Protein chains: 2
Amino acid sequence: MRPIKTNPSPTISDVAKAASVSTATVSRAFSRPEMLRQETVNQVRFHATKLGYLPNLAARALSTGRQGNIAILVPDIANPFFPPLLRAAQATADFAGYSVFLGDSDEDPEREQRLVNKLVMQVEGFILASSRMQNKKILELSERQPVVLINRDTPGLPRVLIDTVAGIDAAVAHLAAFGHQHLVYISGPAASWSDQQRRSAVSNAAARHKMKMQSVPARHPSFDAGREVTSTVLNMDVTAAITFDDFVAHGLLAGLAEQGVLVPRDFSVIGCDDVLGASTYPALTSVSARCDEAGRMAADLLISTLQTGKRGDVRCLLETWLVIRDTTAPAPKTGRPKLKKKVLPKNNLGDLAFTGTRSSV
Amino acid sequence: MRPIKTNPSPTISDVAKAASVSTATVSRAFSRPEMLRQETVNQVRFHATKLGYLPNLAARALSTGRQGNIAILVPDIANPFFPPLLRAAQATADFAGYSVFLGDSDEDPEREQRLVNKLVMQVEGFILASSRMQNKKILELSERQPVVLINRDTPGLPRVLIDTVAGIDAAVAHLAAFGHQHLVYISGPAASWSDQQRRSAVSNAAARHKMKMQSVPARHPSFDAGREVTSTVLNMDVTAAITFDDFVAHGLLAGLAEQGVLVPRDFSVIGCDDVLGASTYPALTSVSARCDEAGRMAADLLISTLQTGKRGDVRCLLETWLVIRDTTAPAPKTGRPKLKKKVLPKNNLGDLAFTGTRSSV
DNA sequence: TTGTATGCGTTATCAG
DNA sequence: CTGATAACGCATACAA
């Protein structure tokens, strides 16, 4: 039994002894001071800090059934979409007194499930951001405890959705106003709700503007995959592209530069997520969203669920908008951009850029 | 007592009843199957999964003193320096069976301490990345349980340091080879070990190359602060700058563009951390490091400490190197870059770029 | 190989 | 307002 603890932490009863009170009193001095005389509380607190006592939350959890922890699971921490979200969620949870477990599923549903199983007994609820698990599994989990989803539209569960539709509508309108007639959507992971949403938003908006629209899958939501589809895109007689995310757009920009296609003169490009700011060249026009807001909302939702006990079916949509920069311009007169092979410019844009960075949301 | 659990999770004794064995047997079926007959294990496991039983790790922790959790604290999750680090650390910990708590101190020592206190009884050890706490507090914590530091050089504690010296040496040599005679280091947060290291590395290398070197503090390690020091820098008769990090460099690039100073023709700029890839324009020459490696190392160090019980005084240095892109070139003939006021180019580089993103490491 | 009994640190119940 | 004590779910000596 007795583990060889290097530094046995003082327990509630150590403090009790020191303060000459019962363990119950010590407990109350921390969890419900209002039940005690102020003087008693001070006494206890005094001895507690002297001994370096800190409440053992695991033991408390065992007794109360409340852990004071939540878990946030993401498919890829390193995807720039998530850090602001994580940051906001963490801050919100912390403010409400909760600690947060972080799990990275590495885009793998099984791994996500494993993380869930490992954490489920230690937390009071989950935030699943861009979950890759099957709906069935998610619903299963939600019977055990509160779950809030981000960018996953599962009816019956509270969810925060970054509604790219408005932003994409604006993007397509922007292109239409510039006289583009035919555009391509370069898609991301099929399993991603965001991708489905974006694709159909582009399609609908294009239809409204009587534009022709085609879709090309990127192998992976990354710079490299974006660069790889360049030739395919150039063979399509389109004059503009909207991409699943900024990394794909970034790769496409590099690919176009290599082929000697001038952006935005010959071709227009619009990204999504706006995680690269203005730091691409030319500065990328992109559909932007406050992803930190998504994190904050999700945490708020989860915490209020925990505190009220009511599990709502909230469907919270977050606005997006178009940030116009320098990769969009009027459609070229000739329908198809010319394909003159050209030596790379001195700054071999992107050779070292974000290679391998994932970004499916 | 009995909390109104919405969904009372099955416990070890539920399983015991179902499988007609004792609780001890169920316990062993999960923690030490080798002590049981294969058949018994199967029986128990069967009923366990049928009931949806999952071991309560909090309870296990109470009994064994081992939580199976570690904590990683960072000053700012949204700083692109950390996500790869977090990702690697999380993966490493997960592989070893540990779950990880994530804490964001928001650059605030007190908040960091609060997080530590909240987590200390739930974890077996800490990874403190770029800790802002006083050395004293860190050492205090380390008496309670294993602590591994990242980018903080506290003797006596295991620590992983990204050794920018080599990279900075290369950077200064690079500038020297280009004929620069006088450079400025734009510094970051004074509390940061990294900043101290970088500043003195620049200073030493400059001395070796017989270059004049001055130092200018950026108000904050950010794009805006970098832009703000532009005039100061231009009044200094220097031809090159090395900045605390890429964001400051990025801001400086924008500031220089606004002032009509051509980079790299009139002025050379080198960043640190290489978190912007090639996505600035011109693509930024930067001192690069594998920050994911730092996360992996730290996690490995912590976990091996936990498993062997030996707390070493390891000081692990991680290599850095210079990635040469397009913001460095031979020094201009005239010592000082000309200061012709100019209208901003169409792409107002940086107006929307990473504003507010922090980046002190 | 398996079962019984006890303790881990805390909170809740019930008396005082 | 405070004290004694039984849980909470699990792991482990000890017994069988």
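1. Buried area is the accessible area (1.4 Å probe) that two parts lose on being put together, summed over both. The model discussed here is predicted. Between domain 1 and domain 2 of chain A, the buried area comes to about 1100 Å². Carbon and sulfur atoms give 57% of that area.

2. The two domains of chain A are each made of two stretches of sequence. Domain 1 covers 69–162 + 291–319, and domain 2 covers 163–289 + 322–352. Their C-alpha centres lie 31 Å apart. To the contact, domain 1 of chain A brings 12 residues and domain 2 of chain A brings 13 residues.

3. Which three residues supply 40% of the area that domain 1 of chain A buries against domain 2 of chain A? They are Pro80(A), Ile162(A) and Glu319(A), and their share is more than that of any other three residues.

4. On the side of domain 1 of chain A that touches domain 2 of chain A, strands β5 (159–162) and β11 (315–318) each supply at least two residues. The residues of that side divide into seven nonpolar, one polar and four charged.

5. Salt bridges do occur elsewhere: over all chains the count comes to 46. One of them joins the side chains of Arg87(B) and Asp106(A), at 3.2 Å from N to O. This pair crosses between chains. Arg87(B) belongs to helix α5 (residues 82–95) of chain B, while Asp106(A) is in the loop between β2 (99–104) and α6 (109–119) of chain A.

6. Residue 106 of chain B deserves a separate remark. Asp106(B) has a positive phi of about 55°, although it is not a glycine. Its place is the loop between β2 (99–104) and α6 (109–119) of chain B.

7. In one of them, Phe30(A) and Tyr53(A) are tilted, with 5.3 Å centre to centre and 55° between the planes. The pair links distant parts of the chain, 23 residues apart. Phe30(A) lies in helix α2 (residues 23–31) of chain A, and Tyr53(A) in the loop between α3 (38–51) and α4 (57–64) of chain A.

8. Where does the model contain a cis peptide bond, and what is omega there? In chain A, such a bond joins Val263(A) and Pro264(A), with omega about 5°. In chain B, a cis peptide bond joins Val263(B) and Pro264(B), with omega about 10°. Pro264(A) is placed in the loop between α12 (246–258) and β9 (268–273) of chain A. For Pro264(B), the place is the loop between α12 (246–258) and β9 (268–273) of chain B.

Conventions. Residues numbered from 1 in each chain as written. Chains lettered and ligands numbered in written order. Predicted model: local features only at pLDDT ≥ 70, side-chain atom pairs only at ≥ 80, totals over all residues. Heavy atoms only, no water. Domains from an automatic or database assignment. Contact = heavy atoms within 4.5 Å. Helix = DSSP H or I, 4+ residues; strand = E, 2+ residues; numbered from the N terminus. Nonpolar A, V, L, I, M, F, W, Y, C, P; charged D, E, K, R; others polar. Phe/Tyr/Trp six-rings, centres within 6.5 Å; stacked < 30°, edge-to-face > 60°. Salt bridge = Lys/Arg side-chain N within 4 Å of Asp/Glu carboxyl O.
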